[in-house]
Amino acid sequence: MAKVKMNKKVAAIDMTAMCDVAFLLLTFFILTATAKQPEPLPVDTPSSTVQTKLPEKDLATLTLGSGKVFFGVTGKEVRIKTLELMGAKYGIAFSPEERKRFSVIDAFGVPMSQLRSLIAKEAAERNQKNLQPGIPKDSLDNQLKDWIYNARIATRDIAQTELKVAIKGDAKQEYPEIKKVIDILQAQSINSFNLVTGLRGEDF
């Protein structure tokens, strides 16, 4: 009996739908992603094998480098409240627009007398090299102490919790400058804080 000859068909997969989905996802991620803003004071942190993550909220970061100190606190509402408290202490009335613009500034390093002009600048202008001289921290004008103190009050009022502190220092920063900041923290009974380091592999 003769065998029936079957016609061989080439199997083909239509990838049109897959390509459409891929491009839709790519477009979505591009449109929703936010570009990482350059740091106003870039520092080269010392290496460490510790992998403890910093808290994502209720955190104040003190960045030290080139003899300067920059201050930043997480949370827009906490930033606005801290600014209001600092304005009340230094006799500066910030407008609603200035408060709104300040709420998106991650970190800054200027005296109170220069803060309004810094807030008025765009992000690219604010992060220009050597534009910000750092927050005063000497015994005659210790504005850094006031920022930390008022940020703690703002965090308690809004988040109902204690503010955590992290020190992010440049590896080449002299120890006396770090010690000044630690002394300011300890004067406010802040004896527990994080040190930000860069991760390196363990030596075997």
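Entry 1, Asn142. I looked up the side chain of Asn142 and found that it reaches the backbone nitrogen of Lys145 at 3.1 Å. I count a polar contact as a pair of N or O atoms within 3.5 Å; within protein, one must be able to donate a hydrogen and the other to accept it, and residues adjacent in sequence count only if both atoms are side-chain atoms. I note that this is a predicted model, where local features need pLDDT of at least 70, side-chain atom pairs count only at pLDDT 80 or more, and totals for chains, interfaces and linings use all residues. Residues are numbered from 1 along each chain as its sequence is written, and side-chain values use heavy atoms, with hydrogens and water left out.

I placed Asn142 in the loop between helix H5 (123-126) and H6. Helices (H or I, at least four residues) and strands (E, at least two) are DSSP runs, numbered from the N terminus. Asn142 counts as buried at 18% relative accessibility; buried means under 20% relative accessible area, exposed over 50%, partly exposed in between (1.4 Å probe, protein chains only). Leaving aside neighbours within four places in sequence, I find Asn142 in contact (heavy atoms within 4.5 Å) with Pro136, Lys137 and Ile184.

I located Asn150 in helix H6. Asn150 is buried, with a relative accessible area of 6%. With neighbours within four places in sequence set aside, its contacts are Thr82, Leu85 and Met86.

I traced an open sheet of four strands in the order S3-S2-S4-S5, with mixed pairing; two strands pair if DSSP finds at least two bridges between them. Strands S3 (68-73) and S5 (194-195) stand at the edges with a single partner strand each, so one side of each is left without a neighbour in the sheet. Strand S2 (residues 59-65) runs antiparallel to S3, and six bridges join them. I noted Phe70 in S3 as the bridge partner of Thr63.

Rings of Phe, Tyr and Trp (its six-membered ring) pair if their centres lie within 6.5 Å; planes under 30 degrees apart count as stacked, over 60 as edge-to-face and the rest as tilted. The ring centres of Phe71 and Phe108 are 6.2 Å apart and the planes stand at 75 degrees, so the pair is edge-to-face. Phe71 is buried at 1% relative accessibility, and Phe108 is buried at 3%. I also recorded a cluster in which ring pairs link Phe71, Phe102, Phe108 and Trp147.
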